[in-house]
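I set down here what I looked up in this entry, in the order in which I turned to each topic.

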Amino acid sequence: MTEPDAPRPVYMDARLTPNHSLSTRAFTLFMAGVALVSFLAGLAFLSMGAWPVFGFFGLDALLIWLAFRWHRGRVGEETRVRITAENVELHHRDRRGREKSAKLPAAFARIELDEPVRPDSWLRIEHGRTAFVIGRFLTPKERHSFAEALREALQRARTERHPV
């Protein structure tokens, strides 16, 4: 048995964040390149007398920028899952900075994932009639892998609490 002041083992301490296609610096460089190409192509058409085309090149650059901003909208979203023998702690921060936390008893927590795993299958940590959806931004393969890791960590935590 461990001493009361001894730190309890942590079976999982995972931090989930969405995948990003480009870093902030790479995004800035990419958009600078798009703007330069659009401007130079627009100037070529402007010199030929096709002045309306110049505006469409600017519109194209704006639409590309908006598409990337929309795609990068989840920057800052983070979910943290921590499993000890006593608790499953969940902490989620959305892209606007709003935070939600929950603490569930590890003995009664369940990991659920609809099989077969599809893009609309949600990974849930359930307790009683309450379910917490996590990792919505994960791919189906990542969701399945993370669900298996969660189940294994939860089983090891229960084994410590109630040895066989």
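How many Å apart are the mean positions of the positive and negative charges of the protein? I worked on a predicted model, and I found a separation of 5 Å between the mean position of the 25 positive charges and that of the 19 negative charges.

Next, the fold. I noted three helices and seven strands in the protein. Along the sequence, I read their order as β-α-α-β-β-β-β-β-β-α. I then looked up the radius of gyration, which is 24 Å; the globule rule gives 15 Å for 164 residues, and the value for the protein is well over that, so the protein is more spread out than a compact globule. For the overall dimensions, I recorded a box of roughly 85 × 35 × 25 Å along the principal axes, filled by the C-alpha atoms.

Contacts and surface followed. Among contacts with a separation of 6 or more, I found that 52% join residues 24 or more positions apart. I looked up the accessible surface as well: it comes to about 11,200 Å², and carbon and sulfur atoms account for 60% of it. Of the 164 residues, 27% are buried.

Last, a single residue. I located proline 52 in helix H2, which covers residues 51-71. Is proline 52 buried, partly exposed or exposed? Its relative accessibility is 40%; because buried means under 20% and exposed over 50%, proline 52 counts as partly exposed. I also checked proline 52 against glycine 42, ten residues away along the chain, and noted 9.0 Å between their C-alpha atoms.

Note on methods
Residues are numbered from 1 along each chain as its sequence is written. This is a predicted model: local features need pLDDT of at least 70, side-chain atom pairs count only at pLDDT 80 or more; totals for chains, interfaces and linings use all residues. Side-chain values use heavy atoms; hydrogens and water are left out. Helices (H or I, at least four residues) and strands (E, at least two) are DSSP runs, numbered from the N terminus. The radius of gyration is taken over C-alpha atoms; the globule rule is 2.2 Å times the number of residues to the power 0.38. Buried means under 20% relative accessible area, exposed over 50%, partly exposed in between (1.4 Å probe, protein chains only). Contact means heavy atoms within 4.5 Å. Accessible areas come from the Shrake-Rupley method with a 1.4 Å probe; for residues, only the protein chains shown count as cover. Lys and Arg count as positive and Asp and Glu as negative; His and the chain ends are not counted. The place of a charge is taken as NZ of Lys, CZ of Arg, CG of Asp or CD of Glu.
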